[in-house]
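Please open the structure in your viewer and keep the selection tool at hand.

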Amino acid sequence: MAGSASRSSQQLLPMMRALAFDLKDVDLFKLLENTKQPLKLYIFKVYILAICIGLPIVFLLDFLFPNAEVPDFELGIELIVGAVFIGPILETLLMIPVIYLIRKMTSNIVYVSIISALIWGTVHSLQVPLWGIGVFTLFFLMSMAYQYWDTHSRGHALLVVMMIHALNNATVILLGALES
C-alpha cells in the first residue's frame, strides 16, 4: 500500500513541475528579492504593493459578503498604539519562529511564504472569519521580505517587516476613520 502511494507521488511530481511556471521570473518576486536598495524605498514599495493588492481583495469581499462580520475597533489612541506600534512588533517576533519551522519542511521561499500567510490568515480569521483572507497578501509579502532581508541582516529583516506592517495597519485605521 505504501509503495503504491510512493509511486503515485513520484508520478505526480513531474506533472506538477511541467504545469508550474518559474515564479522567480515574475516581476513581483524581483521587486521583493532586490535588497540592494535603500531600506526606506524597499519598505515603501512593498507597502504600496500590499495596499494595491490587499485593498481590492477587501473591497471585493465587502461587495460579495455585505453582511459579513468585520473587525470592530473603537478609534482611539489605544487602537493606534496597539495596531501601529505594538501589533507589528509582536506579530513580527512571532512570525520568525513560524517561518523557521516551515523552512524545516521546505527551503522554497515562495512555499514558506504561502504557508506562513495561510497560518497568519487563519489566526486572524479566529476573530473575524473573512479577515484572514484580507491579511493573506500582507503576510505573504512580509514573509517574502523577511526571508530576503534575513540573508543580509536580521535587524534589517525585522525592521522591514515591522514597518510594512505598521504602515499597512495605519492605512487601515485611516480608511476606517474616513469611512465612519
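This predicted model contains two salt bridges. To view one of them, select Asp150 and Arg103, whose closest N and O atoms lie 4.0 Å apart.

Next, select Glu69, Asp72, Glu74 and Glu78. On the surface, these residues gather in a patch of negative charge. Where in the chain does Glu69 lie? Glu69 is found in the loop between helix H3 (39-64) and helix H4 (77-103).

Proceed now to the largest pocket, which has a volume of about 1,400 Å³. Its lining comprises 42 residues. To locate the centre, select Val58, Pro71, Phe73, Trp131 and Val172, the lining residues that lie nearest to it.

Finally, colour the helices H3, H4, H6 (131-150) and H7 (154-179), each of which supplies at least two residues of this lining. Which helix provides the largest share of the lining? Select H7, which contributes nine residues.

Note on methods:
Residues numbered from 1 in each chain as written. Predicted model: local features only at pLDDT ≥ 70, side-chain atom pairs only at ≥ 80, totals over all residues. Heavy atoms only, no water. Patch = residues over 30% accessible without salt bridge, like charges linked within 9 Å, V, L, I, M, F, W, Y side chains within 5 Å. Areas by Shrake-Rupley, 256 points an atom, 1.4 Å probe, with all protein chains shown as cover. Salt bridge = Lys/Arg side-chain N within 4 Å of Asp/Glu carboxyl O. Lys, Arg positive; Asp, Glu negative; His and termini not counted. Charge placed at Lys NZ, Arg CZ, Asp CG, Glu CD. Helix = DSSP H or I, 4+ residues; strand = E, 2+ residues; numbered from the N terminus. 1 Å grid on protein atoms, 1.4 Å probe; cavity = no way out; pocket = protein on both sides within 12 Å on 5 of 7 lines; lining within 4 Å. Points joined across faces, edges and corners; volume = space filled by probe spheres on them.
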